[in-house]
Amino acid sequence: MKYQIIPVTPFQQNCSLIWCEKTKRAAVVDPGGNIDRIQNEVVKLGLVLEKILLTHGHIDHVGGAKALAKAANIPIIGPHIADKFWIENLPKQSQNFGFPHCDAFEPEQYLQDGDIVNLGEQRLSVLHCPGHTPGHIAFFSAQSQLAWVGDVLFRSSIGRTDFPQSNHQDLIHSITEKLWPLGAEVAFIPGHGPMSTFGEEREHNPFVADQLLR
Ligand SMILES: [Zn+2]
Ligand SMILES: [Zn+2]
């Protein structure tokens, strides 16, 4: 799986354009906003945009989804249905976070743990990772040893759990029982900030390093 990170919104959210090199079929993970920038990259790279994938329902991750879906005539897929309330709450989220007004929408498809998303000849597996939000999911490419983890895990940090229906214990469980088993070598693209690997975080992350949880 090829990818390019396109930071979007005032929150510098790591929107990712991902594609199958062979077929040029592409998806956008978490288009929080700045959809012109995303569409320009699609054209520049000669890709065929096929779908939008969402990790969770926070506005910095989904704020541009509906507009992009409409402009490119592509479906919105994900997150898990437990984040439906966040997506329905988008008009309020846009007010609270000082974003341009954003309408609620209904994804074409919600995803569940164990689902597979195909993109050309590439496959992503879906992991349900509740905690930051109840319907948060991560996408994993076994072929590329790469994961998109949204706001579950960051380099040297973890997702906030001070939102409605957040749960700190669930978050820790998602990280240690869903992400760690993918392998220490796996690199991940977090929702914000620089990339890292699961192995690096198991050693040095001040919240979830192995030695802290023992
Ligand atoms: Zn979030
Ligand atoms: Zn975020």
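Glu50 is partly exposed, with a relative accessible area of 22%; partly exposed denotes values between buried, under 20%, and exposed, over 50%, for a 1.4 Å probe and protein chains only. The side chain of Glu50 meets that of Arg25 in a salt bridge, with 3.2 Å from N to O; a salt bridge here is a side-chain nitrogen of Lys or Arg within 4 Å of a carboxyl oxygen of Asp or Glu. Since Glu50 belongs to strand S4 and Arg25 to strand S3, the pair ties together parts that are 25 residues apart in sequence. Arg25 is likewise partly exposed, at 33%. Salt bridges with shared partners join Arg25, Glu50 and Lys51 into one network.

This is a predicted model, in which local features need pLDDT of at least 70 and side-chain atom pairs count only at pLDDT 80 or more, while totals for chains, interfaces and linings use all residues. Residues are numbered from 1 along each chain as its sequence is written, chains are lettered from A and ligands numbered from 1 in the order in which they are written, and side-chain values use heavy atoms, with hydrogens and water left out.

The structure holds 10 salt bridges. One of them links Lys24 with Glu21, whose closest N and O atoms are 3.9 Å apart. Another joins the side chains of Lys22 and Glu121 at 3.6 Å, N to O. Lys22 lies in the loop between S2 and S3 and Glu121 in the loop between strand S6 (116–119) and strand S7 (122–128), so this pair ties together parts that are 99 residues apart in sequence. Lys22 counts as exposed, at 67% relative accessibility, whereas Glu121 is partly exposed at 47%.

The sheet comes next. Five strands form an open sheet in the order S1-S2-S3-S4-S5, with mixed pairing. Strands (E, at least two residues) and helices (H or I, at least four) are DSSP runs numbered from the N terminus, and two strands pair if DSSP finds at least two bridges between them. Strand S1 (2–8) and strand S5 (76–77) stand at the edges, each with a single partner strand, so one side of each has no neighbour in the sheet. S1 pairs with strand S2 (residues 13–19) in the antiparallel sense over seven bridges. Helix H1 (residues 35–44) packs on the sheet and touches S1, S2, strand S3 (25–29) and strand S4 (48–53).

Gly32 is placed in the loop between S3 and H1 and counts as buried, at 5% relative accessibility. Beyond its neighbours within four places in sequence, Gly32 is in contact (heavy atoms within 4.5 Å) with residues including Asp60 and His61.

The protein donors of the zinc ion (ligand 2) are Asp60 (OD), His61 (NE2), Asp151 (OD) and His192 (NE2), at 2.1 to 2.3 Å from it. Donors are N, O and S atoms within 2.8 Å of the metal (3.2 Å for Na, K and Ca); water is not among the atoms, so sites may look incomplete. The zinc ion (ligand 2) lies 3.6 Å from the zinc ion (ligand 1), and Asp151 coordinates both. Asp151 lies in the loop between strand S9 (146–150) and strand S10 (153–154) and His192 in the loop between strand S12 (187–190) and strand S13 (196–197), so the pair ties together parts that are 41 residues apart in sequence. Asp151 and His192 are both buried.

Methods: Axes are lines fitted to C-alpha atoms, for helices over the stretch in contact, and angles run from 0 to 180 degrees between N-to-C directions.
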